[in-house]
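Student: Could you take me through one part of this structure closely, strand by strand, and then show me what surrounds it?

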Amino acid sequence: SSLGEWPVLFALVSSSSIILSTISTTYSEHYNMGVYAIDSHALPLDILVAIMEASPPPTIATLMRTCQALRHHGAKPLLDHGVSLATHTHFVSFLAFMLADEQFRFLHFHTLKIVSCPVRSSKALEALYGLVTHPLLSIHTLALRDAEMTLEAYPPLADSMAADRRPHHLGPFFAALSALTTLTHLAVSDCGPLTSAFLRTLRTPLESVTLDFLPRGPAVAWAVPPVHRRRGDTDPVTLLRACAGSLCTLRGTGFGAATQSGPEGESEEESVYPHVRTLDATYVPRLLESGGRHAGGALPHAARYARAFPHLTRLALSSTTEDEGASADAGAGAVWEDAGRVAARREALVGLRAANRAALARCGEGVWEEMEEVCGGLGTLYALGLVREVRRVVVEGGVSSAEQWMLRAVLRDARPVVLVATFLGAQETFGTSAVRGTALSLAEGTARLVEMELAVKFEAGEGNTDVSVVLVSGMVEKTKR
């Protein structure tokens, strides 16, 4: 799952049958089970509650079955672990569990992950709708595993609902989730046009957002009214404008290039996110058209990102390619069929880098002055054109001997204290004919370099390699590893 790499905002309650059956028994026997008073020789209630708070969900659920006091107090530590709902039984059982003591349990219910929308079960849909529309609901963290399916779902609540099931109607779940005002952390995967409309509609002070955009077919697009279908529907700068004053962390995959209205990539409506410190994103590159010409849009316009996120301390950019068989970063390491395409790619990168450098220069000397770490594929870092001292530079993917000209430019501009890079092929990097070029590339970073994490991806048949041969005079003493 694409959600696996971003910082964990929720702990999932195990979906094992023992936990579900225990919770089910707890609420189903709420008025029938025998309630036993705590024996005078037993541990004090506050000690038992402390034990539950330090216990895993199965232990908490078991203790909740012993007496009324623990059944009441155990709900808080159980809900503190976060709730993950995946099967039809989960939705129905969890709502019943919450309603058994709704005043107390909704008070401590803050994290919800919807793994799969129960579209095939009317009871489960009604339970989910009852949960997200409950007046006491005040969750802080929401994760939608399949956002499009959830947002377009229709619970069979009443016959009158069918009258509103028209292309211009966004649906009850869309309205209910858009109305949440307590969310501060949002993670959404399998995003599409409905998700883009949902993000534009949200009016909650989000602090962290993780978005995973995947291509969606025309079957979903019809449900989005024209007012919500706008250019740049995968551009986070425009989608999250409503929470610009609160957002601190943005991560995602499949971001489109920033909407532009001029040669500098400026948009009609500028948004500034003054508190965002971390931007970790992939974008969809369109480096070359089928004819080999520069298509533009290979990288989100650096100047626009600098204006939108002026106080970044960590920037991680990579690309996802539309062409099967290309590398993970289309700007670095892609396999091109002929010399003509290689030359066209190099020309495109040089042109994009020049445009980005000029646009960043117009932003002023203080642009991204707080930046501490830059990560990305070599082509992306080169095209970014950032001329500023950055403490840590991480080159993702591999660096081939043919691409070291880009590495030299990146190191010359960033002058890092820490360099992390992987070179492709021991002979290509450290062989007799290549060692001088590699040494010159690394020498570009010696002005401030004190730590280097150097890895080599060996080709078949290659043996041990002496890495020290590429370290120029003085580098060994300065480099810790």
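Tutor: Happy to! Let's begin with β4, helix α11 (residues 193–201) and β5, which make a right-handed β-α-β unit. Right-handed here says that, with the strands pointing away from the viewer, the path from the first strand over the helix to the second runs clockwise. Helices (H or I, at least four residues) and strands (E, at least two) are DSSP runs, numbered from the N terminus.

Before going further, a word on the source: this is a predicted model, where local features need pLDDT of at least 70 and side-chain atom pairs count only at pLDDT 80 or more, while totals for chains, interfaces and linings use all residues. Residues are numbered from 1 along each chain as its sequence is written, and side-chain values use heavy atoms, with hydrogens and water left out.

Now to β4 itself, which spans residues 185–191. Six of its seven residues are buried, so the rest of the structure largely encloses β4. Buried means under 20% relative accessible area, exposed over 50%, and partly exposed in between (1.4 Å probe, protein chains only).

β4 has a parallel pairing with strand β3 (residues 141–144), over four bridges. Two strands count as paired if DSSP finds at least two bridges between them. In this pairing, Leu142 has Leu186 of β4 as its bridge partner. β4 also pairs in the parallel sense with strand β5 (residues 208–213), here over five bridges.

After α17 comes Arg415, with a positive phi near 45 degrees.

Turning to side-chain packing, the largest nonpolar core has 105 residues, and Phe109, Phe309 and Trp368 touch the most other members. Such a core is a set of buried Ala, Val, Leu, Ile, Met, Phe, Trp, Tyr and Cys residues joined through side-chain atoms within 4.5 Å. Leaving aside residues up to four places away in sequence, Trp368 touches residues including Tyr305, Phe309, Leu360 and Arg388, where contact means heavy atoms within 4.5 Å. A second, separate core of six residues includes Ala316, Cys375, Val418 and Val420.
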